[in-house]
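Morning, everyone. I have one structure to go through, and I'll keep it quick. Have a look first.

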Amino acid sequence: MSDFAELHYNGEVIKLPVIEGTENEKALDISKLRGQSGLITIDPGYKNTGSTKSAITFLDGEKGILRYRGYPIEQLAEKSSFLEVAYLIIYGELPSKEDLARWEKDITYHTLIHEDFRTLLEGFPSNAHPMGVLSSLVTSLTAFYPESLDPVRSADEVRMNIVRLLAKLPTLAAWAYKNEIGQPLVYPLNSLDYGGNFLRMMFATPAEDFRADPVVTTSLNKLLILHAEHEQNCSTSTVRIVGSSHASLYASVSAGINALWGPLHGGANQAVIEMLEAIREDGGDTAKYLAKAKDKDDPFRLMGFGHRVYKNFDPRARIIKKAADDVLSKLGVNDPILEIAKHLEEAALNDPYFVERKLYPNVDFYSGIIYRALGIPTNMFTVMFALGRLPGWIGQWKEMRENNEPIGRPRQVYTGENERDYVDMAKR
Ligand code: ACO
C-alpha cells in the first residue's frame with residue numbers, strides 16, 4: 001500500500017503522507033498542506049480531525065472497543081482499583097505492588113486542603129453549582145502551589161503536582177457540595193480508601209459520622225474507572241489545548257472541568273435524570289418523548305443517547321447497565337425511573353429514527369441511576385464524572401508536554417465583510 005495519498009489541485013499533484021497507528025488506523029498528514037498548496041482543511045467540531053498521536057487510549061466506535069494502554073475496559077472495571085487505573089493511564093504500565101503502595105500512600109497523604117480555601121468557598125453564593133465552584137477551586141491551587149506554574153521543571157515536581165491534584169479533587173468536590181447545602185465542611189480521613197473518604201466528606205455531619213457500604217464503594221470504583229479516560233473528547237482536547245500554551249496542570253484541568261460541564265458532554269448524566277423524572281411526572285409516556293426527540297422542530301433530544309464516536313454500542317454503557325441492576329438489587333432500591341429508562345431504551349433501539357442514525361445509550365444513560373442509588377444528589381453527577389476523568393486529563397496533559405507539542409491554534413475560513421472604509425456617525 002502507498003505511504004502517500006495524492007491531491008490534485010490547480011494542475012498540481014500534492015503528495016500527502018499517510019501515517020498509521022498501532023491498531024492500523026490511518027490518517028492523512030496535512031500539516032504541510034498549506035505551504036504546499038495554500039489550502040487549509042475545514043472540519044467543524046473536528047469530526048474527522050486527528051489533533052495528536054496518543055499512546056493512551058484505543059477506541060473503535062464501530063466495534064465498541066475501549067482500552068486504556070491496551071487493557072480492555074471490561075477487565076479493568078472488573079479487576080482493578082481506580083487509583084491503579086489512574087497510575088496506568090498516567091504512567092503507561094500497571095504499577096508493581098510497591099509502586100501501587102507508594103502511589104496510594106502519597107495520594108492518601110495529600111488530601112488536606114489549605115485552610116484559606118474555606119474563605120474562598122465562603123465567597124460563593126450557597127446555591128452555586130458545584131461544577132463552577134470546583135473549576136474555580138482547582139485554578140486556585142496555582143495560588144497555593146506557585147511552583148506548579150512551571151510545570152515541567154523536574155519530574156519530581158510534575159509527580160507532586162499530579163499527586164496533589166488526584167488527592168485534593170475529592171476534598172474540593174465534597175466541599176463544593178457542602179457549601180451548596182450549607183453544612184459544615186468535613187475534613188478527609190486518610191485511613192479510608194479513595195471512594196470511601198470522598199463519600200464520608202459528602203455525607204458525614206458533626207452530628208453523625210458516615211461510612212459507605214462496601215457495595216457502594218465497589219460501584220463507585222467501577223464508575224470512576226469507566227469514566228477515567230476517553231481519548232480526544234471535548235474536555236480532554238480542552239485540557240491539551242490549554243496546556244499547549246504551557247499553562248499549568250491545574251489551570252489546564254480547570255478548563256477541562258468547565259468543558260465537561262455542558263449538557264452535550266459530562267452534563268448529560270444530570271440531564272438524563274432530569275429528563276427521566278420529567279417523563280415520570282408527565283405520566284411515564286415514553287412514546288410521547290420519543291416522538292419529541294424525532295421532531296426536528298422540537299429542540300428536545302433524548303439525553304444519554306448518541307455519541308460522537310460510538311456508532312454501534314458504548315461498551316461502558318453495557319457494563320453500567322448491568323452494574324445499575326446489581327447495585328439497585330443489592331441496596332434494595334426500587335427506582336421507578338429505572339423502569340422508564342429501560343422502556344425508553346427498548347423503544348429507541350427498535351425505532352428506525354434511532355437505528356438509522358446509530359443512536360445508542362451512552363455511558364451516561366445509566367450512570368445517573370447508579371449515582372442516585374448511591375445517594376449522590378443530581379447536581380453532583382457531573383462532578384462525579386470529573387473525579388473519574390481526572391487521570392485521563394492528567395495523562396493526556398503529561399503526554400502532550402512530554403511530546404513537546406506545539407501550541408494549539410486552528411485556522412478558519414473567513415466569511416465576513418471585505419475591507420471597507422469607516423463610516424462617520426453622521427452618515428449612519
Ligand atoms: N436525540 C435525538 N436525536 C439525536 C440525538 C439524541 N440524543 N443525538 C443525535 N441525534 C440526531 C441529530 O438530530 C442528527 O439527526 P439528523 O441527521 O437528522 O440531523 C443525527 O442524530 C446526528 O447527530 P449529531 O448531533 O450530528 O451527532 P454528533 O456526533 O455531533 O453528536 C452527541 C453527538 C452530542 C452526543 C449527540 O448525540 C447528543 O446531543 N446526545 C445527547 C447528549 C448526550 O447524551 N451527551 C453525552 C455524550 S457521552 C459523554 O460525553 C460522556
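This is a predicted model: local features need pLDDT of at least 70, side-chain atom pairs count only at pLDDT 80 or more; totals for chains, interfaces and linings use all residues.

Start with lysine 296. A polar atom of the lysine 296 side chain sits 2.9 Å from an oxygen of the ligand, so that pair falls within the 3.5 Å cut-off. Next, histidine 265. One of the polar atoms in its side chain is 3.0 Å from a ligand oxygen. Then arginine 301. Here a side-chain N or O atom and an oxygen atom of the ligand are 2.7 Å apart. How much of the ligand's accessible area does the protein cover? On its own the ligand has 920 Å², and the protein covers 78% of that.

Now the shell. The ligand is surrounded by 22 residues. The closest are Lys296, Arg301, Leu302, Gly304 and Phe305. By class, the shell has 10 nonpolar, five polar and seven charged residues.

On to the overall fold. The chain contains 18 helices and six strands. The C-alpha trace spans about 80 × 65 × 55 Å along its principal axes.

Domains next. Domain 1 covers 4-50. Domain 2 is assigned as 70-234 + 249-259 + 387-392. Between the C-alpha centres of the two domains there are 39 Å.

S1, residues 4-9, runs antiparallel to S2, residues 12-20, with six bridges joining them. Histidine 8 has valine 13 in S2 as its bridge partner. S1 and S2 make a hairpin with two residues between them. In that turn, asparagine 10 has a positive phi of about 55°.

S2 goes on to pair with S3, residues 26-28, antiparallel again, through three bridges. Isoleucine 19 is bridged to alanine 27 in S3. This hairpin has five residues between its strands, and asparagine 24 in the turn has a positive phi of about 65°.

Last, the open sheet. Three strands, ordered S4-S5-S6, pair antiparallel. S4 and S5, residues 65-68, share four bridges. Threonine 57 has tyrosine 68 in S5 as its bridge partner.

That's my tour. Over to you.

How values were computed: Residues are numbered from 1 along each chain as its sequence is written. Side-chain values use heavy atoms; hydrogens and water are left out. A residue is near a molecule or strand if one of its heavy atoms lies within 4 Å of it. A polar contact is a pair of N or O atoms within 3.5 Å; within protein, one must be able to donate a hydrogen and the other to accept it, and residues adjacent in sequence count only if both atoms are side-chain atoms. Accessible areas come from the Shrake-Rupley method with a 1.4 Å probe; for residues, only the protein chains shown count as cover. Ala, Val, Leu, Ile, Met, Phe, Trp, Tyr, Cys and Pro count as nonpolar, Asp, Glu, Lys and Arg as charged, and the others, Gly among them, as polar. Two strands pair if DSSP finds at least two bridges between them. Domain bounds come from an automatic or database domain assignment.
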